Amino acid sequence: MQHYDVETLAVGRWRNGGGATREIASRPSGAGEFEWRASVADIERDGPFSAFPGVDRTFTVLSGDGVRLTAPGALDRTVGAEEPLAFPGELEPAAALRGGACRVLNLMVRRGRWTVRVERVTGPVVPPRGHAGVLHVLRGRWRAGDGGPAPAAGQGVWWDAGDGAPGRGPVPLSPGAVALWADLAPSGPDRPARGGQAGSSSMVSSTRSA
């Protein structure tokens, strides 16, 4: 497992000046075209999102009063904190902040190669074998399962599909601990079956824990 702290990640300003992105991981590393990518973005003012053809996106507000995303005839959704929203990357939704700057977690996967499901979790996480993943801590402290430091709010861990299923996945260490878990699965006929996947090229959907 790879540990990260959002505040120490490299910051890339957007060309339109409306925000900045901090990349958590992009696989394969150094490739011109990613298979999957996880990042944290700060949206500082209203403006359009960039298009990512052939990519499925899942967007989750981490802090702030939320944001309204609109794309004519395809999307009109106000997203609050900790509510994952999946939509196709072909859309270029306009983002309107509801009360000031927002910080969001972005997961992007290459359609037909990977799928992603984002859940709000409060208990132990068991990563499926052959899946990649990201655990981003919202509150409390967590044991990462690799003997490393315990991530707190704004920190987390990620792992590759090639790492295998960790025998000990992330576990909450404090009362009220909450995290977002992005489960990234390679596509294909042999991928493990699961229901309620986020990310669809034909519809906009939201995914959240029960």
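## Ground rules

Residues are numbered from 1 along each chain as its sequence is written, and side-chain values use heavy atoms, with hydrogens and water left out. Because the model is predicted, local features need pLDDT of at least 70, and side-chain atom pairs count only at pLDDT 80 or more, while totals for chains, interfaces and linings use all residues.

## Overall build

The protein has 18 strands and 0 helices. Both come from DSSP runs numbered from the N terminus: strands are E with at least two residues, helices are H or I with at least four. Of the 210 residues, 49% are buried. Buried means under 20% relative accessible area, exposed means over 50%, and partly exposed lies in between (1.4 Å probe, protein chains only). Among contacts with a separation of 6 or more, 72% join residues 24 or more positions apart. A contact is a pair with heavy atoms within 4.5 Å.

Strand S3 covers residues 19-27. It is mostly covered, with 7 of its 9 residues buried. S3 pairs with strand S2 (residues 11-13) in the antiparallel sense, over 3 bridges. Two strands pair if DSSP finds at least two bridges between them. Glycine 17 sits in the hairpin of S2 and S3, which has 5 residues between the strands. This glycine takes a positive phi near 75 degrees. S3 also pairs with S4, again in the antiparallel sense, over 8 bridges. Arginine 22 of S3 stands opposite valine 11. Its bridge partner in S4 is valine 40.

Threonine 21 lies in S3. Leaving aside neighbours within four places in sequence, threonine 21 is in contact with Ala10, Val11, Gly12, Trp14, Arg37, Ser39, Val40 and Ala41.

## The open sheet around S10

Four strands form an open sheet in the order S5-S10-S7-S8, with antiparallel pairing. S5 and S8 stand at the edges with a single partner strand each, so one side of each is left without a neighbour in the sheet.

Strand S10 (residues 94-97) has two faces. Ala95 and Leu97 form the covered one; Ala94 and Ala96 form the uncovered one. In a regular strand the side chains alternate between the two faces of the sheet. S10 pairs with strand S5 (residues 47-48) over 2 bridges, where glycine 47 stands opposite alanine 95. Another 4 bridges join S10 to strand S7 (residues 67-71), running antiparallel. Here arginine 68 has alanine 96 as its bridge partner.

| Residue | Relative accessible area |
|---|---|
| Threonine 21 | 17% |
| Glutamate 82 | 15% |
| Glycine 156 | 1% |

Glutamate 82 is found in the loop between strand S8 (75-79) and strand S9 (85-88). Setting aside neighbours within four places in sequence, its contacts are Thr60, Val61, Arg120, Leu138, Arg139 and Val178.

Glycine 156 is placed in strand S15 (residues 155-159). Not counting residues up to four places away in sequence, it touches Gln2, His3, Tyr4, Leu135 and Pro151. Its C-alpha is separated by 8.7 Å from that of tryptophan 142, 14 residues apart along the chain.

## The largest pocket

The largest pocket has a volume of about 460 Å³. Of its 17 lining residues, the closest to the centre are Trp14, Thr21, Ser50, Phe52 and Arg57. Strands S4 (36-43) and S11 (102-110) are the elements that give two or more residues to the lining. S4 supplies the largest share, 4 residues. By class, the lining has 9 nonpolar, 5 polar and 3 charged residues. Ala, Val, Leu, Ile, Met, Phe, Trp, Tyr, Cys and Pro count as nonpolar; Asp, Glu, Lys and Arg count as charged; the others, Gly among them, count as polar.

A pocket is defined on a 1 Å grid over the protein atoms alone, as an open set of points where a 1.4 Å probe fits, with protein on both sides within 12 Å along at least five of seven lines. Lining residues have an atom within 4 Å of a point. Grid points are joined across faces, edges and corners, and the volume is the space filled by probe spheres set on the points.
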